[in-house]
Amino acid sequence: MNYVSTRNSSKSFTFQDVFIKSLADDGGLFVPEFLHKYSNEDLEKFKNLEYSELAKKIIYPFIGDFMSEKDLSKIIDKSYSVFRKKNVVNLVKIGDRSVLELFHGPTLAFKDVAMQLLGNFYEYYLNNENEKINIVVATSGDTGAAAIDAIKGKKNVNIFVLHPNNRVSPIQRKLMTTNKEKNVFNIAIEGNFDDCQNLVKAMFADKIFSKEIKMSGVNSINWARIIAQSVYYFYSYFLIEDNNQPVNFSVPTGNFGDVYAGYLAKKIGLPINKLIVATNQNDILHRAISKGTYDIEKVLETISPSMDIQIASNFERLIYDLNNCNDTKTIAAMKNIKEKGKYTINKESLDKINIDFLSSRISEDEVLKIINTVYKKFNIVLDPHTAIGYGAFDKVDLNGNNIVLGTAHPCKFPDAIKRSINIKAELPDELTFILDEKENYDIIENNLEKIKQHIKEKI
Ligand SMILES: *Cc1c(COP(=O)(O)O)cnc(C)c1O
């Protein structure tokens with residue numbers, strides 16, 4: 001499989017380029033040149049596979065000659081052996097819908113599912129390539145911890161994580177900053193997540209700097225993450241499928257990465273009916289999908305901080321698709337977004353979007369109410385992000401089998417849980433030790449030159 005950038009569809013790249021570069025040099029995102037679509041017979045063969053076996057089948061066609069099928073198989077087994085569930089994920093029926101728990105990995109959020117795999121991809125690559133790279137990543141809270149856990153202690157790779165100072169939950173922060181490995185560096189930026197993300201984008205765009213430090217990225221735009229995430233759509237679809245009822249997914253959304261993985265699953269043949277883009281009050285994607293106005297507003301702090309985003313990076317991939325893979329039109333749209341903070345989706349494109357996507361916005365009060373109602377009725381504690389996905393189904397009219405992606409363990413967000421149902425959301429036993437560990441991070445102002453300087457000093 002070859003890849004192109006959303007901003008230049010004439011130059012092709014291998015999976016290895018796409019994985020290591022993460023963002024194309026022209027600022028675009030990588031997408032496959034062509035996609036192979038599974039037939040019903042193919043899908044039939046996937047039905048009874050264990051999670052890891054299914055992952056091997058789905059991921060292999062995307063990686064070209066990056067590694068052999070046998071090496072991939074070993075890496076997938078290794079990556080998923082660290083999960084607390086044998087089949088990585090867990091599907092739980094809660095009322096009239098099911099929650100797909102994706103938080104049984106080392107850092108208690110869905111991001112582990114892709115990130116553990118990426119960590120082992122880096123290790124494989126660096127064993128063969130004899131170079132040293134530096135991963136720089138922005139986090140709204142969960143990516144950082146998942147990336148650190150996947151990269152810590154690995155040879156020839158450092159990881160720098162930029163998080164917005166005081167805007168991630170203390171548990172989220174501790175999962176990142178209590179790490180003692182020498183290749184892990186945490187930076188708290190005086191700004192919000194979009195600032196962190198913009199700093200990382202600017203460092204990538206600075207060719208001299210990014211070449212000098214051999215910079216690589218694991219943000220949700222990294223295509224390898226998207227393909228790893230598409231696996232659980234297949235897996236849960238097969239678990240739940242019955243009498244040809246439509247299957248819908250509701251996805252708590254920030255950067256449009258996880259829900260894009262669902263869209264990819266649909267494009268390669270999984271007959272998903274609708275994907276619901278569920279947002280908190282940072283609702284740019286809800287406004288885009290329901291009204292066609294992708295207009296950037298100020299980021300508001302919420303109790304679902306991993307979704308406090310106004311620039312949904314992966315949305316560029318959808319814009320490219322809507323423009324029938326026309327790079328010039330994509331560049332124009334992205335220029336508008338960058339310069340005017342706006343992009344208006346025309347009626348025709350909006351109709352196309354609504355074939356696959358619906359959206360809902362859940363307010364802060366509603367999140368607290370959803371957690372409360374679900375707890376009282378079913379004695380299950382949802383984290384605020386998952387609660388948004390859960391509640392989103394009540395705002396759209398969809399029959400069939402409804403699956404909510406459960407993106408984080410509630411113990412990561414104890415304040416919200418306490419406010420809603422007045423109980424203490426406990427960490428799993430094997431993680432309680434982080435509460436007393438010393439934290440290590442540097443606080444730096446939102447200034448590109450200072451951050452670059454800091455990184456150069458550390459490597
Ligand atoms: C990252 C994250 C999201 C948002 O995922 P995107 O891929 O950015 O849309 C939702 N919930 C939790 C708990 C997360 O960590």
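Strand S6 (residues 133–138) is mostly covered, with six of its six residues buried; buried here means under 20% relative accessible area, against over 50% for exposed and in between for partly exposed (1.4 Å probe, protein chains only). Strands (E, at least two residues) and helices (H or I, at least four) are DSSP runs, numbered from the N terminus. The model is a predicted one, where local features need pLDDT of at least 70 and side-chain atom pairs count only at pLDDT 80 or more, while totals for chains, interfaces and linings use all residues. Residues are numbered from 1 along each chain as its sequence is written, and side-chain values use heavy atoms, with hydrogens and water left out.

Cover on S6 comes on both faces: Ile133, Ile135 and Val137 are buried on one side, and Asn134, Val136 and Ala138 on the other. What does S6 pair with? Strand S7 (residues 157–164) runs parallel to S6 and is joined to it over six bridges, two strands being called paired if DSSP finds at least two bridges between them. Val137 has Val161 as its bridge partner in S7. Strand S9 (residues 215–216) also runs parallel to S6, with two bridges between them, and there Ile135 stands opposite Ser216. Together with helix H6 (residues 142–151), S6 and S7 make a right-handed β-α-β unit; right-handed means that, with the strands pointing away from the viewer, the path from the first strand over the helix to the second runs clockwise.

Zooming out, the five strands of this open sheet come in the order S9-S6-S7-S8-S16, with parallel pairing. S9 and strand S16 (442–445) are the edge strands, each with a single partner, so one side of each is left without a neighbour in the sheet. Further along the order, S7 pairs with strand S8 (residues 184–190) in the parallel sense, again over six bridges, and Pro164 faces Ile189 in S8.

Next, the packing. The largest nonpolar core holds 139 residues, of which Tyr233, Phe234 and Phe256 touch the most other members; such a core is a set of buried Ala, Val, Leu, Ile, Met, Phe, Trp, Tyr and Cys residues joined through side-chain atoms within 4.5 Å. Helix H10 (residues 223–240) gives the most to this core, 13 residues in total. Apart from it there is another core of 23 residues, including Ala138, Leu162, Phe204 and Phe209. Beyond its neighbours within four places in sequence, Tyr233 has contacts (heavy atoms within 4.5 Å) that include Phe249, Val251, Asp258, Leu275 and Leu405.

As for aromatics, the whole structure has 30 aromatic pairs, counted for rings of Phe, Tyr and Trp (its six-membered ring) whose centres lie within 6.5 Å; planes under 30 degrees apart are stacked, over 60 edge-to-face and the rest tilted. Phe66 and Tyr124 make an edge-to-face pair, 5.8 Å centre to centre with 65° between the planes. This pair links distant parts of the chain, since Phe66 is in the loop between helix H3 (51–59) and helix H4 (69–80) while Tyr124 is in helix H5 (residues 111–129), 58 residues apart. Phe66 is buried, at 6% relative accessible area. Phe234 and Phe238 form a tilted pair, with 6.4 Å between centres and 55° between planes. Because these two, Phe234 and Phe238, are four residues apart in helix H10, about one helical turn separates them; both are buried.
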